[in-house]
Amino acid sequence: MAHKLAEGRLLSGYIYGDSRTGEYVYFPGSELDAESPVAVYETQDGRRDISLDEALSLIEHRSLRPVKHPVFGERTI
């Protein structure tokens with residue numbers, strides 16, 4: 001159930017993360033309507049593209065929550 005909630009929120013533009021560790025998972029606005037959207041996993045060391053499954057796994061295993069991104073705010077759209 002938590003996976004479906006996180007998936008729905010991600011695909012609606014919500015940003016998941018941990019501002020203390022500087023980790024964020026989100027879909028850029030341009031990816032939200034794509035057939036196979038590519039998410040971004042951002043850390044203090046940089047950014048990399050990840051799949052939806054990887055994004056959901058990171059959210060679950062790193063205990064990431066909806067947060068306010070230091071540049072994008074609360075949502076990417």
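**Group meeting: a walk through the predicted model**

Good morning. By the ring-pair rule, with centres within 6.5 Å, the count comes to one aromatic pair. What I am showing is a predicted model. In general, two numbers describe a pair of aromatic rings, namely the distance of the centres and the angle of the planes. A further ring contact involves a charge: the charged end of Arg9 sits over the ring of Tyr14, 5.7 Å from the centre of that ring.

Let me turn to the overall architecture. The protein contains two helices and five strands, and from the N terminus on the order of these elements is α-β-β-β-β-α-β. The radius of gyration is 11 Å, close to the 11 Å that the globule rule gives for 77 residues, so the protein is as compact as a globular protein of that length. The C-alpha trace spans about 30 × 25 × 20 Å along its principal axes.

Some totals complete this overview. Of the 77 residues, 38% count as buried. The accessible surface comes to about 4,900 Å², and 47% of that surface belongs to carbon and sulfur atoms. Among contacts with a separation of 6 or more, 49% are made by residues 24 or more positions apart.

I now come to helix H2, which covers residues 52–61. Which residues of H2 are buried? They are Leu52, Ala55, Leu56, Leu58 and Ile59. Viewed down the axis of H2, these buried residues fall within an arc of 160°, so they line one face of the helix. Asp53 and His61, on the other side of H2, are exposed.

Just after H2 comes Ser63, which takes a positive phi of about 55°. This is a positive value in a residue other than glycine. Ser63 belongs to the loop between H2 and strand E5, residues 65–66. With a relative accessibility of 45%, Ser63 counts as partly exposed.

Next, strand E4, which comprises residues 46–50. Two of its residues deserve attention here. Gly46 is placed in this strand and, at 31% relative accessibility, counts as partly exposed. Gly46 and Ile59 are 13 residues apart in sequence, and their C-alpha atoms are 17 Å apart in space.

Leaving aside residues up to four places away in sequence, Ile50 touches Val25, Val38, Ala39, Val40, Tyr41, Ala55 and Leu58. The C-alpha atoms of Ile50 and Gly29, which are 21 residues apart along the chain, are separated by 15 Å.

Finally, I would like to consider Gly22. Where is Gly22 placed? It lies in the loop between strand E1, residues 16–18, and strand E2, residues 23–26. The relative accessible area of Gly22 is 10%, and because the limit for buried is under 20%, Gly22 is buried. Beyond residues up to four places away in sequence, Gly22 touches Glu42, Thr43 and Gln44. By contrast, Gly22 and Leu11 are 11 residues apart along the chain, and their C-alpha atoms are separated by 21 Å.

That concludes the presentation. Thank you for your attention.

Note on methods
Residues numbered from 1 in each chain as written. Predicted model: local features only at pLDDT ≥ 70, side-chain atom pairs only at ≥ 80, totals over all residues. Heavy atoms only, no water. Phe/Tyr/Trp six-rings, centres within 6.5 Å; stacked < 30°, edge-to-face > 60°. Lys NZ or Arg CZ within 6 Å of the ring centre and 35° of its normal. Helix = DSSP H or I, 4+ residues; strand = E, 2+ residues; numbered from the N terminus. Rg over C-alpha atoms; globule rule 2.2 N^0.38 Å. Buried < 20%, exposed > 50% of the residue type's maximum accessible area, 1.4 Å probe, protein only. Contact = heavy atoms within 4.5 Å. Areas by Shrake-Rupley, 256 points an atom, 1.4 Å probe, with all protein chains shown as cover. Arc of directions from axis to C-beta.
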